[in-house]
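Take a look at the model first.

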Amino acid sequence: MEYNFQEIEQKWRKFWAENKTFKTEENKDKKKFYGLDMFPYPSGAGLHVGHPLGYIASDIFSRYKRLQGYNVLHPMGYDSFGLPAEQYAIQTGQHPAITTEANLKRYREQLDKIGFSFDWDREVRTSDPSYYKWTQWIFKQLFNAYYDYDANKAVVIDELIAKFETEGNTSVNAEHNCEIEFTAEEWKAFDAKKQSDILMDYRLTYLADSWVNWCPALGTVLANDEIVNGVSERGGHPVEQKLMRQWSMRIKAYAERLLTGLEKVDWTDSIKDIQRNWIGKSTGASVRFALENGAGNIEVFTTRPDTIYGVSFMVLAPEHELVAQITTEEYKEQVEAYQKAAGLKSERDRMSETKNISGQFTGAYAIHPFSGEKIPVWIGDYVLASYGTGAVMAVPCGDQRDYDFAKHFDIAIKNIFEDVDISEAAYAEKSGTIANSDFLSGLEVKEAMAKAIAAIEEKGLGKAKVNYRLRDAVFSRQRYWGEPFPVYYENGIPKMIEDEFLPITLPEVDKYLPTEDGEPPLGNAKTWSWCINKKILKDNEKQNGTCTWPMELNTMPGWAGSSWYFLRYMDPSNENEFVAKDKVDYWQNVDLYIGGAEHATGHLLYARFWCKFLYDLGFVPFDEPFKKMINQGMILGRSSFVYRVKDTNTFVSFGKRKDYQTTRIHVDINIVDNDKLDVEAFKNWRPEFANAEFILEDDGTYVCGHEVEKMSKSKFNVQNPDDLVEKYGADTLRMYEMFLGPIDQAKPWDTKGINGVHNFLRKLWRLFHDAENNVVISEGEADKKALKTLHKTIKKIHEDLERFSFNTGVSAFMIAVNELTELKCNNKEILESLTILLSPYAPHIAEELWTKLGHEAGTISYATFPEFKEEYLVEDAFAYPVSFNGKMRFKAELPTSMSKEDVEKEVLAMEQSQKYLEGKAPKKVIVVPGRIVNIVV
RNA sequence: GCCUAGGUGGCGGAAUUGGUAGACGCGCUGGAUUCAAAAUCCAGUUCUUUCGGGAGUGUGGGUUCGAUUCCCACCCUAGGUACCA
């Protein structure tokens, strides 16, 4: 066998592992490079070909950086807490840790086969107590901090307490949801519970009531994801909105910095846009509308205070706390019915259903703060409780949703814009002149805005305000398989367990479901109470109301562990700190982060938030975790289908299926090759097909149909990398995954082309060997043409790597090998450089060829990236494409040194030009030297 | 609904700053080699055509000497939409 990839790859995998070729140490004499992958959740299905796409890209880039002399940190680990293992535990009773361990092992085996240059000594697992000890520790830091807007950073809570003790809270400028004001004296007079409650309103992680999708039948909270058409995906049970006491993260405090921080990171504009829109900064004013008969106030946030005279009704979210209070007897029944119906809808449904306008009048009226008019108060599900104040002042002439609502319910639409027709639609532009608005009439929108805000502030109705769509993030989960909180409740007051007793490890439970009283799964734990004297967990019976108290029953969400893991890789086994100062000072933030764009508003926002927080407290020296990011696209599966003739066991080939009534059936892609079904394998696939009969194409084959769709077990279209590594080798897989297309685009997985890449590697092998597989390499000066090929390739590979265009890089290698084969080049100098260039993409074969070129084993990983020399590429003639009216007609070979004028003269004089000019004089001639000639006739 | 991305031959894709549309690979067709096959090598391969040419990058319009590339409107597909990770 000539290119024996199996032998070669096995050899080098072993070599790298035994020699720890990719072990990384801090080295102050070398520039550092930190290349990171989003770590995987180890699912039971194992790694499929979509996973390695990003890993291969980052591995190529990390290897490239090593060749450039960087000290490279390139680690891998696992986001090993998560729902699937818990779901499996619920079904089978098997502890999620066991499932997870088994899955991890499989992932590792699969990863090992692909030739990644990870430093496995740095592996982390979020579900490992030695890891989540520090997740709990960070949670405690958040609990013990608040956000001070004067310092514009997080500050330890002790400083806030000190302020309360000396000045109360009136002069405190902090992010909070504290509704009362108090003096120092009052503060000191509050009891412990009251003080705790007030501090809770300032802490960066805090307990508060949040709306959740509650499914009473399942006794659990559901993600929007798990709800289909208003009922639970599992079981089809009804779901309702419920307020629940939960931990939240005061990420809102960081809204502005999360926004401005985007300017200094090198991410795609699309991800930045997604985050910007998610944060959703808007400026305007908060305004209080008094209710009729002194029944209180409705506070709204509006971005258009200038349109306040256009208000003709108000709308509250159905869940708004005032609704019950203000609804009149007459409308009570309808309002409650409406609230109930709205409560059954998910937030997403409510936002999507813009065509079905719904709402209900409450019978209550507010008083317009300027005109004194009576304004009806409605409830409507287009107003969301979680955004702004959960109430809007509706200005139908200026907002399309308000307009539609008004039309639907026949509410008056007041036009407050000069010379604007609103008979068909609202006028939502932020320009024009305001009319019919008393003191605002005649003003431009901008001036009216300023004046309206001034008047609102003057009358004490509200103030200018910046609002963010970003909501504080709920941090509690009613699940088992997550980090337990290091929290117990002493007389209902949450208390943190001291650092030296961390980690608080997950307790054993006999079942993983919620308890019968609807408590989270940890409610099933028997030993889940904290003794404040002995500082240990005790059995729940020991709870005594004096020194042994109940522990928190929720666990942390999936994003807790993943919000800081990139720091732990720097110092994975440190038992005293989450990361040592000198290590984080050396490695700094991630230079290149590769992962999916689907994390734009989750993980990527939370990780930034925690990083800024840790920066504020002086734990890390940077406030953005990921300097540069590339988002890899999803890999879709290509399913194959057979067509069963109705009510028979006969299968008709794709080309003839239209002649019959057929049912399309997914068929395992492993028994299909280039759409041709292996008929015998199909008969053996399942018993029911053993006696299958076939109607074949005229050439005697059975052709399958195909479709590109999500890769999934049930569709029999999952490609796992192991089979491909087995069949073609890891180097082929690596290059093929890159060759598929641009890294950032979704693309279908199809193994049809993998042969081409494999052939390329064989062709490369043949450059070094004769027909009998003996190494034949010539020494001495290289041929000029070969040098040109080489340097063209160096330039291309370098440029393509710099712009993360891995697919075009593979093409460049193919072109190079094709050209060198044509030249019969086996020159050592050329092949050496080519081997180094290729080594990031195909490391195993590169290692093998490198030793054949006479180098020491293993040294190619730290070789020097070849230098590009322009001189080998200089051309003295260029074939100008000559266009007439932009249409290319012929080429004219002319010296590159020729002036613009001479090119024009030469081209016009050519016989072919005369043909297209048809005797007429050209209207215009454009010559771009070294590029193109265009003649306008 | 909203936010983001994408749409180019039979297929994956290339065209980096507005300058030769279809690089490279697959597939397909024909040929060489072979007893035969595999492998390999060579040639061809956007569509259409009266063989002069004509059309062509989701659709319709615009800017330009010139548009896959820029602008406007629309259609389709994918991802996200706050408890999937």
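Is Trp187 buried or exposed? Trp187 counts as buried, because its relative accessibility is 2% (buried means under 20% relative accessible area, exposed over 50%, partly exposed in between, with a 1.4 Å probe and protein chains only). This is a predicted model: local features need pLDDT of at least 70, side-chain atom pairs count only at pLDDT 80 or more, and totals for chains, interfaces and linings use all residues. Residues are numbered from 1 along each chain as its sequence is written, chains are lettered from A and ligands numbered from 1 in the order written, and side-chain values use heavy atoms, without hydrogens and water.

**Around the RNA**

- RNA strand B is surrounded by 65 residues (near means a heavy atom within 4 Å).
- Among the closest are Asp79, Arg348 and Lys796.
- A polar side-chain atom of Asn807 is 2.7 Å from a phosphate oxygen of RNA strand B.

**Aromatic rings**

- The whole structure holds 71 aromatic pairs (Phe, Tyr and six-membered Trp rings with centres within 6.5 Å; planes under 30 degrees apart are stacked, over 60 edge-to-face, the rest tilted).
- Trp12 and Phe15 pair edge-to-face, 5.1 Å centre to centre with 65° between the planes.
- Trp12 is buried at 1% relative accessible area, whereas Phe15 is partly exposed at 21%.
- Phe182 and Trp187 are stacked, at 5.6 Å and 25°.
- Phe182 is buried, with 2% relative accessibility.

Note on methods. Polar contact = N/O pair within 3.5 Å; in protein donor to acceptor, adjacent residues only side chain to side chain.
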